[in-house]
Amino acid sequence: MLDVSSIREDFPILNENVYGHPLVYLDNAATMQMPRQVMDCIVRHYSTTNANVHRGVHYLSERSTSAMEQSRQRISRFLGADGLGTVVFVSGATEGINLAAQCGVRQHLSPGKKVVVTHMEHHSNFVVWQELCHQTGARLVICPLTDAGELDMDFMLSAIDQDCAAVAVCAVSNVLGTANDVATICHAAREVGAVSLVDAAQAMRHGRLDVDRIGCDFLAFSGHKVMAPSGTGALYVSDRMRDRMVPYRFGGGMVDQVGDRQTSYADLPLMLEAGTPNISGNIALASALDYLEELGLDQVATYEGELLARAEQGLDALDGVHVLGHPKERFGAVSFVVDGVHPFDLATLLDKRGIAIRTGHHCAQPLLRSLGQSSVVRISPAFYNTPEEVDYCIEQVSACSNFLRKFSK
Ligand code: PLP
């Protein structure tokens, strides 16, 4: 069992008041809060270690390089990637997916080839592939969803054929919370020689993501969704792709020899890490993963599952409230709409009561369009939230919706 009250003491921001109410932070799918342990790691870095990496021979530079490389290994272990592939530091899932597309997939695309994505992708795992198809003449195939808000796996598996060059799919939807069977999809891709990418931005804190079991070529995630600073993240690149990658950004740190006319490049991961990286952030990312693992991934997943089920049941019981999707497995987020109430108005009133939730298209316009919506409300609890906070939120969703309905008559 998680000791939530002592966990909350690690997160100073949870003591904030918002418009005179205690903060109820239920927007964790957008960004998680940071524990003291991660903040301390950043302060420690700047107090004892700060120097540029991979460049100097002096003590601090070597210490800084070693701390960042240890963090890379830590991330690799967390993903089950030791001995299987390379972890590239990126600024977040978005950059990771762009790198995978431009450095690992672009050269394999041509008219006649296709890229398969799904209707539940975040724009970061949708527009990237749409644009790549525009650039190369390849065709974008979009897997639809079932009424329950799950992938139509028959469609998906039949789309992964000899013409398929790449498949990109999220492990967990940022709107519906649907957990996808990414292992089946990635193995199907491997069988036809297609490259696979898993967008793990929402999945990282909901259980072990084992790249060996999943069988993906790329996996991207953002640090800020697992309590690390924003501007951090990682892209896992499988060994199979290692020699097929080409550089995308050019500059310092990614070269081997620079001649007047020609340059040869470093191997992965440095080939994809041009310029000075976010050193302190990359180091802090490992400390955030340490924090999560010390809590226990299974315990976190179980507790968050209980909070989410409580939110879903509470919403289901309210008149005129419609929860979107009823997938068999839902992680981290539940979204809904309320008859006669605009999501923006509801979120604004909830904010005035101290409740932080997300509203809008959630960077998933194709998904919202397929659901017949343009804006929805999302509740996304984390392990530092309490059942009382969830109940308060549901109570206020009801009260504010009733108020708005009356007001709009
Ligand atoms: N993919 C998913 C599923 C997300 O939820 C998000 C962010 O919300 C992203 C990608 C993009 O993450 P970032 O903006 O940190 O790069």
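Me: Which residues line the largest cavity?

Reply: This is a predicted model, in which local features need pLDDT of at least 70, side-chain atom pairs count only at pLDDT 80 or more, and totals for chains, interfaces and linings use all residues. Residues are numbered from 1 along each chain as its sequence is written, and side-chain values use heavy atoms, with hydrogens and water left out. On a 1 Å grid over the protein atoms alone, a cavity is a set of points where a 1.4 Å probe fits but cannot get out, whereas a pocket is an open set with protein on both sides within 12 Å along at least five of seven lines; lining residues have an atom within 4 Å of a point. Here the largest cavity is lined by Asn52, Val53, His54, Arg55, Gly252, Gly253, Leu270, Glu273, Gly275 and Pro277.

Me: How is the lining of the largest cavity divided by residue class, and what volume does this cavity have?

Reply: Ala, Val, Leu, Ile, Met, Phe, Trp, Tyr, Cys and Pro count as nonpolar, Asp, Glu, Lys and Arg as charged, and the others, Gly among them, as polar. By that scheme the lining has three nonpolar, five polar and two charged residues. A volume is the space filled by probe spheres set on the grid points, which are joined across faces, edges and corners; for the largest cavity it is about 70 Å³.

Me: Which residues lie nearest the centre of the largest pocket, and which elements give two or more residues to its lining?

Reply: Of the 16 lining residues, Cys41, Arg44, Ala67, Ile283 and Ser287 lie nearest the centre. Helices (H or I, at least four residues) and strands (E, at least two) are DSSP runs, numbered from the N terminus. Helix 2 (36-48), helix 3 (59-78) and helix 10 (279-295) each give two or more residues to this lining. The pocket holds about 340 Å³ of space, and its lining comprises five nonpolar, seven polar and four charged residues.

Me: Where are the cis peptide bond and the non-glycine residue with a positive phi?

Reply: The bond from Leu268 to Pro269 is cis, with omega near 0°. Pro269 belongs to the loop between strand 12 (263-265) and helix 10. Met227 has a positive phi of about 75° and is found in the loop between strand 9 (218-222) and strand 10 (233-238).
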